[in-house]
Amino acid sequence: SDEDVMATFITTVNDIAKKLNEQNFPLFFDQSSSNSFPLFSEAVKFFHHPNEQIRANVISTTLYIFDQLRPAMKPAPEYVRHIAQQSNTCFTHVACLCRDLWVVIDNDVKSGKSVRQQLSLQTDLLLYLHDVLAFGIPELNRVLIDRFLVYAILPVLVRSIASSDNRGDAEYVISPALA
């Protein structure tokens, strides 16, 4: 099935990312292309995938790649710059997934449904954000913080707290208590 092929593809990409090191990293990098690091850009296309295994492999792939960009690894500045640019898409997906998840959690809490699965996913995403920030790569951290503020924090959490009396006019407003 297509789902099996997709899982195999992402698992293979993740396996390749696990083997990255300073000697072979340049083999996957094409500075002359708009898609300068396809291993990364192809993986992040599936960050918002509903299959948990695929999402886990995408997260793992990006973390292995980011690990090679840590200041202690002394990566070439162009690698960091290009992957930071490409990470806009990845971090936008993470922020949008969190944003959408918060709305689902809010709706489920209001209707008395279980939110265990959604809270587990939220925990995974927040741990991912922590891991990315912990690498200490300033260029990536700036992109991550910007994307998370623009697509999750400001439109959901801040708007929900600020507009507690006219909640019906905004798509991503959640209960101020949950925010």
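User: Which residues lie nearest the centre of the largest pocket?
Analyst: This is a predicted model, in which local features need pLDDT of at least 70, side-chain atom pairs count only at pLDDT 80 or more, and totals for chains, interfaces and linings use all residues. Residues are numbered from 1 along each chain as its sequence is written, and side-chain values use heavy atoms, with hydrogens and water left out. A pocket is an open set of points on a 1 Å grid over the protein atoms alone, where a 1.4 Å probe fits, with protein on both sides within 12 Å along at least five of seven lines; lining residues have an atom within 4 Å of a point. The largest pocket has 18 lining residues, and nearest its centre are Glu52, Arg55, Ser120, Leu121 and Asp124.

User: Which helix gives the most to the lining of the largest pocket?
Analyst: Helices are DSSP runs of H or I, at least four residues, numbered from the N terminus. H3, H4 and H5 each supply at least two lining residues. With nine residues, the top contributor is H5.

User: How many residues of that lining are charged?
Analyst: Asp, Glu, Lys and Arg count as charged; Ala, Val, Leu, Ile, Met, Phe, Trp, Tyr, Cys and Pro as nonpolar; the others, Gly among them, as polar. The lining divides into 10 nonpolar and three polar residues, and the charged ones number five.

User: Is Leu144 buried or exposed?
Analyst: Leu144 sits in helix H6 (residues 138-162). Beyond four places in sequence, Leu144 touches Phe91, Leu129, Val132 and Leu133, where contact means heavy atoms within 4.5 Å. Buried means under 20% relative accessible area, exposed over 50%, partly exposed in between (1.4 Å probe, protein chains only). Because its relative accessibility is 3%, Leu144 is buried.

User: Which residues does Asn57 touch, not counting residues up to four places away in sequence?
Analyst: Asn57 belongs to helix H3 (residues 52-67). Its relative accessible area is 13%, so Asn57 is buried. Its contacts beyond four places are Ile10, Thr11 and Asn14.
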